[in-house]
Amino acid sequence: MVLKTDKPKRLYYSIKEVAEMVGVAESTLRYWEKEFPNLHPKTVPGTKVRQYSEDDIKEVKVIYNLIKVRGFKIANARKYLRENKDGADRSQELLTTLITVRDELQRLKSSLDTLV
């Protein structure tokens, strides 16, 4: 399994980059900012340009997991995050790990299929 851990980290990402990372529309992220008090990206004064930090992106992924993957309604996701933040974080991390493992297994299967 090849993981690139030496990828340079940036301090901030644009709303467009975050939307592409997560797979939602920019308008969805703006809506989530209004609905979830823990999601508050930095804005550039005077321009209202959003800048998402790594922590903001983690929060977006947790929200995505609750709403899009697990099917929570907004109010229930907000309540779940308020009452069980650690559990939501672990659940999202587990899902990310499982997706990575699945993708790697599919890649290995494809490689093996070409050998046969």
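## Basis of the description

The structure is a predicted model, in which local features need pLDDT of at least 70 and side-chain atom pairs count only at pLDDT 80 or more, while totals for chains, interfaces and linings use all residues. Residues are numbered from 1 along each chain as its sequence is written, and side-chain values use heavy atoms, with hydrogens and water left out.

## Salt bridges

A salt bridge is defined here as a side-chain nitrogen of Lys or Arg within 4 Å of a carboxyl oxygen of Asp or Glu. By this rule the model has six salt bridges. One of them joins the side chains of Arg50 and Glu33, with an N to O distance of 2.7 Å. This pair links distant parts of the chain, since Arg50 belongs to strand β2 (residues 49-51) and Glu33 to helix α2 (residues 26-35), 17 residues apart. Helices (H or I, at least four residues) and strands (E, at least two) are DSSP runs, numbered from the N terminus. Accessibility is classed as buried under 20% relative accessible area, exposed over 50% and partly exposed in between, with a 1.4 Å probe and protein chains only. Glu33 is buried at 17%, whereas Arg50 is partly exposed at 24%.

A salt bridge also connects Arg102 and Asp103, at 3.1 Å from N to O. Arg102 is partly exposed, with 44% relative accessibility, and Asp103 is partly exposed as well, with 37%.

Helix α5 (residues 85-115) contains both Asp113 and Lys109, four residues apart, or about one turn of the helix. Their closest N and O atoms are 3.0 Å apart, forming a salt bridge. An α-helix has 3.6 residues a turn, so residues three or four places apart point the same way. Asp113 is partly exposed, at 44% relative accessible area.

Val101, Leu105 and Leu108 make a nonpolar surface patch of about 250 Å². Patches consist of residues with over 30% relative accessible area and no salt bridge, like charges being joined within 9 Å and nonpolar side chains (Val, Leu, Ile, Met, Phe, Trp, Tyr) within 5 Å. The areas come from the Shrake-Rupley method with a 1.4 Å probe; for residues, only the protein chains shown count as cover. Leu108 lies in helix α5 and is partly exposed, at 39% relative accessibility.

## Helix α3

The buried residues of α3 include Ile57, Val60, Ile63 and Ile67, together with the polar residues Asp56, Glu59 and Asn65. Just after α3, Gly71 adopts a positive phi of about 80°.
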